[in-house]
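Please keep the sequence and the structure in view while reading.

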Amino acid sequence: MAKENVTVVLSGEGADELFAGYRIYQEPEALKAIASLPRMLKRPLRQVLSKLPAMYGINYVQRACTPLNERFVGNAKVFQGDKSSVLNKRLINYDVYEELSNVYEEASNWNDVQKMQHIDMNFWLPGDILVKGDRMSMANSLELRVPFFRQGSV
């Protein structure tokens, strides 16, 4: 319908990543009470909880006891736990955490929300969301502009 009246449209893609609009970006604040425990307590607590059956609140505590770079690979993460490692390591010989280690290192002085935004802006936007929008608009001979994201700016 847009093509009937205009040749160029604006997209809001990148705004949620830039302004921390996704709920996942609220996670560091929500986990703060447990995440502030001493490191020497968090690892054993995480190990004990991993052996328990799934119960309300266990995932919350496990996530709070897990460093951000070991739990957040971006909004595009689809698989959880063992399924993820099987696909990443055995089938395609790719470790997403290894791939992200340099990006996390670049952002080492930033807070957790900024690190999460950095991951999403460097991987999810250019490798997924922006590609889909570009292909859909081009398939309809429509130019799509993304004012909240500039390639190479992250």
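Glu98, Asn102 and Glu105 are exposed on one side of helix 7. The buried residues of this helix, which spans residues 96-106, are Val96, Leu100, Val103 and Tyr104. These four residues cover an arc of only 100° around the axis, and therefore they sit on the same side of helix 7. The exposed residues Glu98, Asn102 and Glu105 are on the other side.

## The model and its confidence

The structure is a predicted model. The mean pLDDT of the protein is 84, and 85% of its residues reach 70 or more. Confidence is lowest in helix 6, where the mean is 54, and highest in strand 1 (residues 8-10), where it is 94. Helix 6 covers residues 81-91.

## Overall architecture

The protein contains eight helices and two strands. Read from the N terminus, the order of the elements is β-α-α-α-α-α-α-α-α-β. Of the 154 residues in the protein, 29% are buried.

The accessible surface of the protein comes to about 10,700 Å², and carbon and sulfur atoms account for 54% of it. Among the contacts with a separation of 6 or more, 66% are between residues 24 or more positions apart.

## Two sides of helix 2

Helix 2 (residues 27-35) also has a buried set of residues: Glu27, Pro28, Leu31 and Ile34. Seen down the axis, these residues fall within an arc of 100°, so they line one face of the helix. Glu29 and Ala33, on the other side of helix 2, are exposed.

What do the buried residues of helix 2 pack against? Their partners are helix 3 (39-50), helix 4, helix 5 and helix 8 (112-139).

## The nonpolar cores

The largest nonpolar core has 10 residues in all: Tyr25, Leu68, Phe72, Val73, Val96, Leu100, Val103, Tyr104, Met116 and Ile119. Helix 7 and helix 8 each supply at least two residues of this core. Helix 7 gives the most to it, with four residues. A second, separate core has seven residues, including Ile34, Ile58, Ala64 and Cys65.

Phe72 lies in the loop between helix 5 and helix 6. Phe72 counts as buried because its relative accessibility is 3%, under the 20% limit. Leaving aside neighbours within four places in sequence, Phe72 is in contact with Ile24, Leu100, Tyr104, Met116, Ile119 and Asp120. Phe72 and Leu100 are 28 residues apart along the chain, and their C-alpha atoms are separated by 9.6 Å. Ile119, the other example, touches Phe72, Val73, Gly74, Leu100, Val103, Tyr104 and Trp124, not counting residues up to four places away in sequence.

## A buried threonine in a loop

Thr66 lies in the loop between helix 4 (58-64) and helix 5 (68-71). Is Thr66 buried or exposed? With a relative accessible area of 13%, Thr66 is buried. Apart from its neighbours within four places in sequence, Thr66 is in contact with Arg46 and Arg71.

## The aromatic cluster

A pair of aromatic rings is described by the distance of the centres and the angle of the planes. In the whole structure, a search finds three aromatic pairs. The ring centres of Tyr22 and Tyr25 are 6.0 Å apart and the planes lie at 55°, so the pair is tilted. Tyr22 is partly exposed, with a relative accessible area of 24%, whereas Tyr25 is buried, at 4%.

Tyr22 and Trp124 form another tilted pair, with 5.6 Å centre to centre and 55° between the planes. This pair links distant parts of the chain, 102 residues apart: Tyr22 lies in the loop between helix 1 (15-18) and helix 2, and Trp124 lies in helix 8. Trp124 is buried, with a relative accessible area of 14%. Tyr22, Tyr25 and Trp124 form one aromatic cluster.

Key:
Residues are numbered from 1 along each chain as its sequence is written. This is a predicted model: local features need pLDDT of at least 70, side-chain atom pairs count only at pLDDT 80 or more; totals for chains, interfaces and linings use all residues. Side-chain values use heavy atoms; hydrogens and water are left out. Buried means under 20% relative accessible area, exposed over 50%, partly exposed in between (1.4 Å probe, protein chains only). Contact means heavy atoms within 4.5 Å. The arc is that of the directions from the helix axis to the C-beta atoms. A nonpolar core is a set of buried Ala, Val, Leu, Ile, Met, Phe, Trp, Tyr and Cys residues joined through side-chain atoms within 4.5 Å. Rings of Phe, Tyr and Trp (its six-membered ring) pair if their centres lie within 6.5 Å; planes under 30 degrees apart count as stacked, over 60 as edge-to-face and the rest as tilted. pLDDT is the predictor's confidence in each residue, from 0 to 100. Accessible areas come from the Shrake-Rupley method with a 1.4 Å probe; for residues, only the protein chains shown count as cover.
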